[in-house]
Amino acid sequence: MSLNIDSVLNETRTFPPSPEFSAKSALGSWEEYRALHERSVEDPEGFWAEQAAHLAWFRTWDRVRNWDAPPFAKWFEGGKINASFNCLDRHLPARGNKPALVWEGEPGDKRALTYRELHAEVCRFANVLKGRGVRAGDTVAIYMPLVPELAIAVLACARIGAIHSVIFGGFSAPALVDRINDAASTVVITADGGWRRGQVVELKKIVDEALKGTPTVHTCIVLERTGKPVPMEAGRDARWDDLMREAKPDCPAAELDSEHPLFILYTSGSTGKPKGILHATAGYLLGAQLTSKYVFDLREDDVYWCTADIGWVTGHSYVVYGPLANGATVVMYEGAPNHPDTDRFWDIVERYRVTVFYTAPTAIRAFMKWGDEAVKKHDLSSLRLLGSVGEPINPEAWMWYHQVIGGGRCPIVDTWWQTETGSIAISPLPGLTPTRPGSATFPFFGIDAAVVNEKGEELPNGQGGFLVIRQPWPSMLRTLWGDDERFKEVYWKRFEDKGYYLAGDGAVRDKEGYFWILGRIDDVLNVSGHRLSTMEVESALVAHPAVVEAAVVGFAHEIKGEGVAAFVTAGAGHAQVPALAEALKKHVRDTIGAIAAPDQIHFTDALPKTRSGKIMRRLLRDVANGVESKGDMTTLEDLNVLAKLRAQDEE
Ligand code: WTA
């Protein structure tokens, strides 16, 4: 971590907000914002009550915050609310004919839905779910390409109080099985396939494979997207279009308790089993709505595009709930950024006159590599604000984003947050915060963030430590699905006496107090902005018959931020040849998904271990990164192991 600290603290370029942007700021001046932030953490109940009043409620809450039994927080108890109602119904009088979703498929097909049309589709699909026996509190698994029906399915669940569990379309059958079974989902919504780089990803085929091992599932709803024929199992499978044709158009939004579970979203932790992050309706919706409004400075005529898939939390909060709760026009694009060419995104920005654009550093680095020409072909003058999320953005990529994409005129909001935080937690506010390339700057309202040492004591500026949040906030996770103990253990145990939330990231504040995120402090990799646990990949590898032992670490990767390096000991009789390396990569792709496939495979007769048998990942990380190992090696059981690994690397 120390290396990063030095390098981030050398970054002193500051970009003050432009006067034009500041003049339009909804929040007044920088000083007013600071004062409001102070109030939000000193009087959270007062602050959040005022903000929550802007949502549509069926019944107002009795109590703003309940933190009587930490770490289990409750917000707006006694209130009745519906997230789908807030995203749709409440806009109908003023925005009925305004485009809500403007979608483009990878092959170039297009579809736009106004708020009225989206509302109608959601109501109909909610009735489809009811017709299939789905009730409030049931969990529904959604495994779809990035099509409007994905957003429709999500909002239909929210409408009737069913808990959606969206599983990213890049996951494989075994990953699907784990997630469906953990949540005990009864219904799976999928499509015949989706388009990615000109190929059909056969989602239904993967679902069919998965459903052999998921006893709770009684219904599978299949959207026709690619037209490629798929087998349909009588009794279990039904076509989206057939069901919609028969469904009634009216479906009042259920009046749900504020704390009613809205969704589960699985994410990687430092042990193998994915964690089902659980979010509650009112608090989550408020976080997504308020951050969208202020961080993206949403205005009535904005055309807003967040490139994330709804399979990740960014898509939940900033494709669906946040922008729609604000009545914004949301652009959605199904496919790859380089199909048919590397200028696809810029072509979309130009054609739809996108004004606010939110993407990930890994994408930005890929665009940099593909060259400025692809960008310069297009008129990007509609853009006024740029965002970044998912991993630390390196200053070089920040500057390129600022100059080449933003034409030097668009503020950049580098937004730090997590599946767990539900909504953006540290970020500049455009027009107010002077930005620094690579820094997420300052906490959002209600977020009492700090950098602390092992004892939970706040560290002076310039010293790196644990990033914590010192009091609860409305959109925080409520627990891990079915595992309160793990929830306590992972996020709260380290600073139990203080009641601090442990984010799992390292951070440092610079002289002026700017937050710089230094990356994960646990065994979690951040590959292309997606979280993967080293354990998950390791257990996939050792499940292969040729593998005896495996250790996985991250290494610095030019595009992905972090790449996956696997150190593998093969069993007797298995030749350690490139063909086996390829077979192992494919095996990981098939068991978890393409994002987890190792970039490097190192065969080794033994792994570097401590005398007590613990794998010394630190050393493996050095090998994978091609750097000298420093620090204590006295605990290493067999020094030869490391020497051999290095020698092999130089071959
Ligand atoms: C990392 C994605 C630095 C961080 C919204 C965090 C970031 C993890 C940033 C959460 C950022 C996300 N700067 N690091 N702007 N945004 N991260 O749950 O390590 O997929 O803990 O949520 O991504 O990843 P998750």
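This is a predicted model: local features need pLDDT of at least 70, side-chain atom pairs count only at pLDDT 80 or more; totals for chains, interfaces and linings use all residues.
I began at the ligand, where a polar side-chain atom of Thr419 lies 2.6 Å from one of the ligand's oxygen atoms. I count a polar contact as a pair of N or O atoms within 3.5 Å; within protein, one must be able to donate a hydrogen and the other to accept it, and residues adjacent in sequence count only if both atoms are side-chain atoms. Residues are numbered from 1 along each chain as its sequence is written, and side-chain values use heavy atoms, with hydrogens and water left out.

Next I looked at Arg520, which has a side-chain N or O atom 2.8 Å from an oxygen atom of the ligand. For Pro392, I found a backbone N or O atom 3.4 Å from a ligand nitrogen. The protein buries 97% of the 530 Å² that the ligand exposes when taken alone (accessible areas from the Shrake-Rupley method with a 1.4 Å probe; for residues, only the protein chains shown count as cover).

I take helices (H or I, at least four residues) and strands (E, at least two) as DSSP runs, numbered from the N terminus.

I then turned to an open sheet of 3 strands, in the order 1-4-14 with antiparallel pairing (strands pair if DSSP finds at least two bridges between them). Its edge strands, strand 1 (57-59) and strand 14 (256-257), each pair on one side only. Strand 4 (residues 80-81) meets strand 14 over 2 bridges, and Ile81 stands opposite Leu256.

I use Phe, Tyr and Trp rings (for Trp, the six-membered one) with centres within 6.5 Å; planes under 30 degrees apart are stacked, over 60 edge-to-face and the rest tilted. Why is the pair of Trp57 and Phe76 tilted? Their planes stand at 55 degrees, with centres 5.6 Å apart, so the pair falls in the tilted class. Trp57 lies in strand 1 and Phe76 in strand 3 (residues 72-77), so the pair ties together parts that are 19 residues apart in sequence.
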